[in-house]
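User: I am new to this structure and would like to learn how to read a few of its features. Could you take me through them one at a time?

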Amino acid sequence: LGDVSFYDDSGNAKLFWDASTERLGLGAFQNATIATLALKTDAYGRAIHIEENSGGESFQIGVNADGDLGFYNSGLSTPSLLIEDSGSSVFSGAVTSTGLTVDGNAQLNGDLTVFDGTGDPFVKLQTSEQQYVLRIDNSQSDVFQIRDVTNSANRLAIANNGDISFYNTA
């Protein structure tokens with residue numbers, strides 16, 4: 001068998017099997033050369049649906065009306081990952097069960113807000129031998145603390161009235 005082509009009503013090849021290269025082309029063709037794969041999204045902005053064998057899990061990929069590329073997990077309406085038309089990326093929900101991990105350097109252009117509605121919000125600074133946290137201690141009337149977690153000791157505290165306490169480790 002040789003090449004096989006399927007044409008639209010205007011005589012343009014829309015599906016082409018190139019037997020010499022063993023490639024299947026979808027989309028627009030010129031002189032039997034595979035050009036592009038063109039998919040249009042559905043009403044929800046999804047163009048590709050990938051489903052695992054049992055049908056219990058799926059992933060959809062598509063472009064919304066703003067030109068943003070979205071990756072959707074199991075038909076959720078909010079994308080797990082959105083790459084905006086501007087080039088920015090947006091993550092929704094947890095990246096992993098333990099949070100977001102960045103290997104290498106990270107840069108933040110803007111504000112960093114840490115909120116923990118169930119306890120004391122904190123930022124952890126850690127090396128292989130030492131661990132500190134910057135936190136707000138809700139149990140002590142929202143006192144800001146620098147805490148040495150490795151040695152279970154506060155190092156600095158600033159009360160909400162402005163009083164500052166330094167702690168000695170000796």
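User: Which charged end sits over the ring of Tyr72?

Analyst: A charge counts as sitting over a ring if NZ of Lys or CZ of Arg is within 6 Å of the ring centre and within 35 degrees of the ring normal. In this predicted model, it is the charged end of Arg46 that sits over the ring of Tyr72, 3.6 Å from its centre. Local features here need pLDDT of at least 70 and side-chain atom pairs count only at pLDDT 80 or more, while totals for chains, interfaces and linings use all residues. Residues are numbered from 1 along each chain as its sequence is written, and side-chain values use heavy atoms, with hydrogens and water left out.

User: How should I read the open sheet, and what is its strand order?

Analyst: Strands of a sheet pair through backbone hydrogen bonds, either parallel or antiparallel. Strands are DSSP runs (E, at least two residues), numbered from the N terminus, and two of them pair if DSSP finds at least two bridges between them. The open sheet has 5 strands in the order S11-S12-S13-S14-S15, with antiparallel pairing. Its edge strands, each pairing on one side only, are S11 (122-126) and S15 (164-166). Within this sheet, S13 (residues 143-148) and S14 (residues 153-158) pair over 5 bridges, and Gln145 stands opposite Ala157 in S14.

User: Where does Gly11 lie, and what is its phi?

Analyst: Gly11 belongs to the hairpin of S1 and S2, which has 5 residues between the strands, and Gly11 takes a positive phi near 85° there. Strand S1 (residues 4-7) and strand S2 (residues 13-18) pair in the antiparallel sense over 4 bridges, and the bridge partner of Tyr7 is Ala13 in S2.

User: How many aromatic pairs does a search of the whole structure find?

Analyst: Rings of Phe, Tyr and Trp (its six-membered ring) pair if their centres lie within 6.5 Å; planes under 30 degrees apart count as stacked, over 60 as edge-to-face and the rest as tilted. The search of the whole structure finds 0 such pairs.
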